[in-house]
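Please read the numbered points with the structure at hand.

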Amino acid sequence: MHHILVFLFGLLPMIASAVDFDEHTQRLPLGQIMAVLEDPDRNATIEEVIALDAAGKFVKSQEQVLNAGYSRSAFWLRVDLNYRADLPAEHSRWWLELAYPPLDYLDLYLPDEDGSYNLAQRSGDALPFHERQIKQRNHLFELKLAPNQPKRIYLRLESQGSIQIPLTLWAPVAYLEEQSGHIYVLAIIYGVLLVMLFYNLFIYLSVRDRSYLFYILYIASFGLYQVSVNGLGVQYLWPNWPWWANASTPFLIGAAGLFGCQFARSFLHTSDHSPWIDRALLLLMALGALTMFLSLAASYALALRMATMLALWFILVIFVAGIVAWHRGMRVARYFLIAWSAFLIGGQINTLMVLGYLPHMFLTMYAGQIGSALEVALLSLALADRINMMKEERARVLEETGRKLEEMNRELAESNRLKDQFLANVTHELRTPMHGVLGSLELMRTLELSGEMDQYQRIATGSAREMMQLVNDILALTELQAGRLQLHNESFDLRAVADELARTYGPRAAVRGLEFQVHIADHLPERLIGDATKLQQSLGYLLDNGIKFTPQGQVTLALSGRDEAGSRFVLEAEVIDTGIGFETPADDSLYQHFRQLNGSMTRQYGGLGIGLSLCRQLVELQGGEISYRSEVGSGSRFMVRLPLRLV
């Protein structure tokens, strides 16, 4: 009887402090019900803890959510529960939730039948996910409570990161119903992040603007960071990688800081208007890279503290960069500043909660994620406005370029006019002395010259005529380009034109050892009305080319034609040679100015390369047309059809 009384007296403190609840209870917060014992050495056993509890070392918690910040101690929680049910024999299942996923170790100790405590369940992101009793992102333990029998439980937790203890007892159905609301919030947040990520990815692939690339990497890093701290990474992405479950949080914070700073530098052009801001962002980028390295190579605690410091300075410096850019007159800085204001507020609230300065609640827990979703959406608007601004700038530049191009075209046209006028004047002036030279050389032929002097006279005469031909060609070209060449339609003798061509080009053919023939159809009228000078000049270009490109054989000028209605007569003139021929070009480049079959300086055939071009323009000026046929090694045939009038 004495031992029974001692046991009952020992049970009285627990009965007095136990919280009562019944089968109608859906959710029971335990923050101000539990008692806490801090273990700085992290080596206390359950027996030592029970002894310390009996000695009154546990302290009753005064907060709804205990926030120990970045403490390296282990914490023991004591909770006394008293389930009062209408049916004494009924046993009920309850879920004990600790709703802070990034905790390393959680151990639940329950009493057995003889009153001693043993480790019943374990959880924590430092353990493989499959070891959890209830597969949820938060830490859940199942409790079986007998009605009207007070039960004391102990919970030990330890973590290298921030320690938050939002402890709640749930009815299982109520917990599942409550979690649907959290899932909706997370789905909206991650949906916004994914939509913005792919939206900006498509824009980047279209415009190749590096700002979008850095923004995509920032969204991806920050989104994965949120997945990590929410416990969804452990649950779905890396359930069997406990090491990465810890290292991912500071690593992804460092990556978000690195790419976020580079995005701000590229988007706001800080190097152009604010060198000191740019240097601060570069320093934060270095800190982000260092954080990523430490998360992989050093302790989780050190990397996480570095990441927290990076996050605080990152948000502040980016905000200042937006203000400075706005002050400098950048229009896109308005959206940028509004976006980062939303993120700044949410991020600072969440960071202060992690550090222990704000209570752990729904708003503080999700403030950073809600702010980041708003920030991502608003920054996409800023990027879209930047595209509009770039379009406006491009339109302005194009307009300015068009104005300058128009002015340059006017100057070029004037320059071409002056050039043509200069060439025309020069060629006119050159013709006078060249006529003098040719006349003098012709007079020398009336004198008796020695063999050597006669040879020199013939060479000089030939060279002077070639020079005169070049001058005439240049003059014709400039007059055609200037539109000053006019037709002079007069009655002329077609056979006299043919005889003049024969007198001019027959000797040239003979010098090259070629036979020169002229065939005139019998039915041709003796006199026609047209521009005899331009007709002779056009056919002369074809004959000159025929002689030049025929190493052996003959060159033939054939004249024929046909009457048409009224007094019209179509003259058909053909220049046929047995020369080297050429491959017919696919385009119309044969008649281009200064075109040579061989354009090198060591080519065998000389000339300016404007003969065929001038011939075509002169023929078209007279209302005619020109065509040709040629094969390599088989010679060429050019045909001119020219409308004339009968006398």
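How many helices and strands does the protein chain have?

1. The protein chain has 15 helices and 20 strands. Helices (H or I, at least four residues) and strands (E, at least two) are DSSP runs, numbered from the N terminus.

2. This is a predicted model, in which local features need pLDDT of at least 70 and side-chain atom pairs count only at pLDDT 80 or more, while totals for chains, interfaces and linings use all residues. Residues are numbered from 1 along each chain as its sequence is written, and side-chain values use heavy atoms, with hydrogens and water left out.

3. Of the 647 residues in the protein chain, 48% are buried; buried means under 20% relative accessible area, exposed over 50%, and partly exposed in between (1.4 Å probe, protein chains only). The accessible surface of the chain is about 33000 Å², and carbon and sulfur atoms account for 59% of that surface. These areas come from the Shrake-Rupley method with a 1.4 Å probe; for residues, only the protein chains shown count as cover.

4. Contacts (heavy atoms within 4.5 Å) may be considered next. Among those between residues at least 6 apart in sequence, 75% join residues at least 24 apart.

5. Helix α6 (residues 242-268) and helix α9 (residues 300-327) have axes that come within 9 Å and cross at roughly 20°. Helix α6 is therefore roughly parallel to α9, a term for angles under 35 degrees. Axes are lines fitted to C-alpha atoms, for helices over the stretch in contact, with angles from 0 to 180 degrees between N-to-C directions.

6. Which residues make the contact of α6 with α9? Among them are N246, P250 and I253 of α6, together with Y300, L304 and F314 of α9. The contact residues comprise 16 nonpolar, six polar and no charged. Here Ala, Val, Leu, Ile, Met, Phe, Trp, Tyr, Cys and Pro count as nonpolar, Asp, Glu, Lys and Arg as charged, and the others, Gly among them, as polar.

7. A126 belongs to the loop between β9 (117-123) and β10 (139-145), and is buried at a relative accessible area of 18%. Beyond its neighbours within four places in sequence, A126 contacts D104, Y105, P242 and N246. A126 and V234 are 108 residues apart in sequence, with their C-alpha atoms 9.7 Å apart.

8. Is T556 buried or exposed? T556, in strand β17 (residues 554-563), is buried, with a relative accessible area of 7%. Residues up to four places away in sequence aside, T556 touches Q517, H519, E574, V575 and I576.

Definitions and conventions. Parallel < 35°, antiparallel > 145°, perpendicular 65-115°, else oblique.
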